[in-house]
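User: I am new to this structure and would like to go through a few of its helices. Please take my questions one at a time.

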Amino acid sequence: MSRAKTSLTALILVLGACASAPDPEAEAQAELARAIEDATKPATPEEIEAANNSDPLTKANFWANEYNKSPKDLDVAMTFVAALRGIGSNERAIEVLSQTLVDYPDNPDLLMALGKVFSAEDNLMGAARAFEKAAIVMPERTDAWSAFGITLDKLERHDMAQAAYDKALALEPTRTTTLANYGLSLALSGDLAGAESKLRLAAEQPDADLRVTENLALILGLQGRYDEMAAVSSRYAPESVVKKNTALLQEMVQPVRSWDALEEAPRASAPSRPATTERPKASASKPVASESLSLAGPGSDDETQADAPAPAATGLRLRRTPG
């Protein structure tokens, strides 16, 4: 073999070896690409199920990671917000909802969620704006009108609240929570007869709870109809509690007592002084002090049960029905 041929063969072997040798920079780029793909890959159904069944903090961290992967995914954002509320992180929930609304400005679910978080944070004006926009965007959504009404009542805009309840009842005439809250709104504005009418209709519904009955009984008592009050209360409360409540209310509505005594009314389990023999009549047009209300409202999904009293603890206090 000639020297030239030998040199050519050696050159080919060297070039082949160079071509087959790994390129460190190319390998690093490929590894980075694989890492990015893994980091942005949505969780599997099994991973999602495991996270949703875990403790609230683990669940929130999991959905924070999913949200970072897909910040424009509406379902992921809503789930993340629910997880944040589960750990009491309402400020972060508001941030996520506000960012998501940039991409979905007229989504009623986002607006309702934002209104609830604002309400939980006592930002009633923000809640009212969110609920109102949800109702305007989707006028057939009963819960939006009802939540708007509840928030307006908290802002002491009772006429506007009642107009919102009318919108809700036009869609669902026998919706218990709307009827009950409408009744309380009328009581707040001094229309006890109107409040009684709405609360009676609410109490007739199959899903009416103890709060509805309590409120109806109190409205009857405020009109001086103590026998009817006792009859309604006795459906759930023990006889001893009914008697104490009736005697206590009779004292509170005497002309020599301030109407604002309702704000300081003790619980029914507290001792009460005997009722006077004369039955004073309560004013049917005197507004009930708003401070005497326990306003639950739409701020939390768990508020439906949180304000429900035990039958034996029935007291003289109006109770808002969430929803």
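User: Does Ser185 count as buried or exposed, and why?

Analyst: This is a predicted model. Ser185 lies in helix α11, residues 176-188. Buried means under 20% relative accessible area. The relative accessibility of Ser185 is 0%, so Ser185 counts as buried.

User: Which residues is Ser185 in contact with, leaving aside its neighbours within four places in sequence?

Analyst: Contact here means heavy atoms within 4.5 Å. With those neighbours left aside, the contacts of Ser185 are Asp153, His158, Ala161, Gln162, Tyr165 and Arg320.

User: How are α4 and α5 oriented to each other?

Analyst: Helix α4 covers residues 56-69 and helix α5 residues 74-86; their axes come within 9 Å and cross at roughly 150°. Angles over 145 degrees count as roughly antiparallel. The crossing is left-handed. The two helices, α4 and α5, are therefore roughly antiparallel.

User: By class, which residues make up the contact of α4 with α5?

Analyst: From α4, Pro56, Lys59, Ala60, Trp63, Ala64, Glu66 and Tyr67 take part, and they meet Val76, Ala77, Thr79, Phe80, Ala83 and Gly86 of α5. By class, this contact has two charged, two polar and nine nonpolar residues.

User: What do the buried residues of α8 pack against?

Analyst: Helix α8 runs over residues 124-137 and reaches 20 Å from its first C-alpha to its last, close to the 20 Å expected. Its buried residues are Leu124, Gly126, Ala127, Ala128, Ala130, Phe131, Ala134 and Ala135. The buried residues of α8 pack against α7 (108-120) and α9 (142-154).

Technical notes
Residues are numbered from 1 along each chain as its sequence is written. This is a predicted model: local features need pLDDT of at least 70, side-chain atom pairs count only at pLDDT 80 or more; totals for chains, interfaces and linings use all residues. Side-chain values use heavy atoms; hydrogens and water are left out. Helices (H or I, at least four residues) and strands (E, at least two) are DSSP runs, numbered from the N terminus. The expected span of a helix is 1.5 Å times one less than its number of residues. Buried means under 20% relative accessible area, exposed over 50%, partly exposed in between (1.4 Å probe, protein chains only). Axes are lines fitted to C-alpha atoms, for helices over the stretch in contact, and angles run from 0 to 180 degrees between N-to-C directions. Angles under 35 degrees count as roughly parallel, over 145 as roughly antiparallel, 65 to 115 as roughly perpendicular and the rest as oblique. A crossing is left-handed if the near helix is turned anticlockwise from the far one by less than a right angle, and right-handed if clockwise. Ala, Val, Leu, Ile, Met, Phe, Trp, Tyr, Cys and Pro count as nonpolar, Asp, Glu, Lys and Arg as charged, and the others, Gly among them, as polar.
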